[in-house]
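Take a walk through this structure, one part at a time. Keep the sequence and the 3D view side by side as you read.

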Amino acid sequence: WSDPAWLPDLAGGIDPSLFFDDDGRAWIVNNDLPEGGKERYNGHRAIWLQEFDAKALRTIGPRKVILDGGVVPADRPEYVEGPHIFKRDGWYYLTAAEGGTGLGHQQVVLRSRQVTGPYEPWEQNPVLTQNDLAQERPLPITSAGHADFIQTQDGDWWAVFLGNRPYPPLEGHYVNTGRETFLLPVQWTADGWPRITAPGETIPYVLDRPALPAGSAAQPTSGSFALRDEFDGATLPLHWITPRNPRQAWYRLGGGSIALQAREVRLGDRGNPSFLARRQQHQDADASTVVRFAPRRDGDIAGLAAFQNEDYWYLLALSRVDGKPVVVLDRRDGRNRDEPPTGMRIASAGLPASAAGKPLYLRIQARGARYDFQYATEPGKWRTLAAGQDGTLLATSVAGGFTGAVFGIYAGRAPEE
């Protein structure tokens, strides 16, 4: 990778994709406002094409709209985006997503004999969608689109795309795991059009993978699995993330544990708290840790969080109240505008005075829309602090965003008086 190269022509758009032609020329295709910069309707977008100098790392020549609105402009399609160009049997194929990223999401395809167009849409579009299925179906995969096409070494074609796995209640569209990546084979018609799903076809949860060499992923990415991190390496594994950019070192590894510096940045602040997390990858999931913490002042706190953003989270933690150690459950629900950045305390239980600095076991159990919060002072002897808490506040349809909830460890310090 080079250092970043600023491309002024693309400054207003999103989703740029590079296409390298077999004549040595390169092109960038991206989403942007239509010509003139004005929408004919809300969500009106266009797909633009411009040549790219791969050596000088700059765009060259004029920009050109190759798809305005979508494949059926009379239907006023929303937010055509995520474009890609690929070539097969002398045809240039343009594929893009339409319909927004919700339940109306779908993938369309067009083709041309020239990279610059004109591109003609397939009359049997979309080539991928789930918006023609009943929402009440079992184990739904929804919002499918933003596909890209790839070819294996054996000549087989596959599509990699985004989708959601919502959980009941069915009257909503609740997704705590965020957008996820799916893979399906591509079938080509006799007249040279690609299809990922047929009309009314359900995306399967499991299928045979492509005939590729076995990978060497550092951790599982699908199916049922358990992961345990002993923090015994020299560096933190890359699946650990934190909100925003750290401006100082506030954690250290050593002796098979991780130490967090308790700072005044809270989970509800728009800063970088002492919070390290990994993604929730299952609707039904358990996250647990053991914390050793001796709060010095009332309000000092450290524990385990289920977190979507600074406005939507749960924190199961050890704290101090009136000079005594307590295990607490705090929650921030951004729908309640009167809740402070520290959240609302919805449950607590006293601990022996000797508990400060001793191991305290914490566990969050997610079961779709319901989350249970448990603690133990001895291994395996779990006590439920709060059961059946509303997990929909961590859903993307409530909290916003696309990437879903995380589980993580946090430490905070009460402000100096």
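At 17% relative accessibility, does His146 count as buried or exposed? His146 counts as buried, because 17% lies under the 20% limit for that class. Bear in mind that the model is a predicted one. His146 sits in strand S10. The side chain of His146 also has a polar partner. A contact of 2.8 Å joins it to the side chain of His105.

Strand S10 leads on to a pocket. S10, which covers 142–151, gives two or more residues to the lining of the second largest pocket.

Which residues lie nearest the centre of the second largest pocket? They are Thr181, Phe182, Thr221, Ser222 and Gly223, out of a lining of 43 residues. Strand S12 gives the most to this lining, with 5 residues. The lining can also be sorted by class. In the second largest pocket, 20 lining residues are nonpolar, 16 are polar and 7 are charged.

S17 and S26 run antiparallel and are joined by 6 bridges. One point to find is Ser274, which stands opposite Ala411 in S26. Strand S26 has another partner too. Strand S19 (residues 301–309) pairs with S26 over 7 bridges, in the antiparallel sense. Here Leu304 has Ile409 of S26 as its bridge partner.

How many residues of strand S26 are buried? The count is 7 of the 7, so strand S26 (residues 406–412) is largely enclosed by the rest of the structure. Now look at which way the residues of S26 point. As a rule, side chains in a regular strand alternate between the two faces of the sheet. In S26, Val406, Gly408, Tyr410 and Gly412 point one way. Phe407, Ile409 and Ala411 point the other way. The residues on both sides of S26 are buried.

Next comes an open sheet. It is formed by 4 strands, in the order S18-S23-S24-S25, with antiparallel pairing. Strand S18 (284–292) and strand S25 (383–390) stand at the edges. Each of these two has a single partner strand, so one side of each is left without a neighbour in the sheet. Neighbouring strands of this sheet are turned by 15° against each other on average, direction ignored. In general, strands of a sheet pair through backbone hydrogen bonds, in either a parallel or an antiparallel way.

Look at one pairing in this sheet. S18 pairs with strand S23 (residues 359–367) over 9 bridges, in the antiparallel sense. Ala285 has Ala366 in S23 as its bridge partner. Gln365 is also found in strand S23. Is Gln365 buried or exposed? Gln365 counts as buried, with a relative accessibility of 13%. The side chain of Gln365 makes a polar contact of 3.5 Å with the side chain of Asp286.

Pro118 lies in the loop between strand S7 (106–112) and strand S8 (120–121). Another cis bond runs from Pro168 to Pro169, with omega near 15°. Pro169 is placed in the loop between S11 and S12.

Asp15 is not a glycine, yet its phi is positive, at about 60°. Asp15 belongs to strand S1 (residues 14–20). With a relative accessible area of 26%, Asp15 is partly exposed. Tyr79 also has a positive phi, of about 50°, and is not a glycine. Tyr79 lies in the loop between strand S4 (58–68) and strand S5 (81–88). At 28% relative accessibility, Tyr79 is partly exposed.

Technical notes: Residues numbered from 1 in each chain as written. Predicted model: local features only at pLDDT ≥ 70, side-chain atom pairs only at ≥ 80, totals over all residues. Heavy atoms only, no water. Pairing = 2+ DSSP bridges. Axes fitted to C-alpha atoms, helices over the stretch in contact; angles between N-to-C directions. 1 Å grid on protein atoms, 1.4 Å probe; cavity = no way out; pocket = protein on both sides within 12 Å on 5 of 7 lines; lining within 4 Å. Nonpolar A, V, L, I, M, F, W, Y, C, P; charged D, E, K, R; others polar. Buried < 20%, exposed > 50% of the residue type's maximum accessible area, 1.4 Å probe, protein only. Polar contact = N/O pair within 3.5 Å; in protein donor to acceptor, adjacent residues only side chain to side chain.
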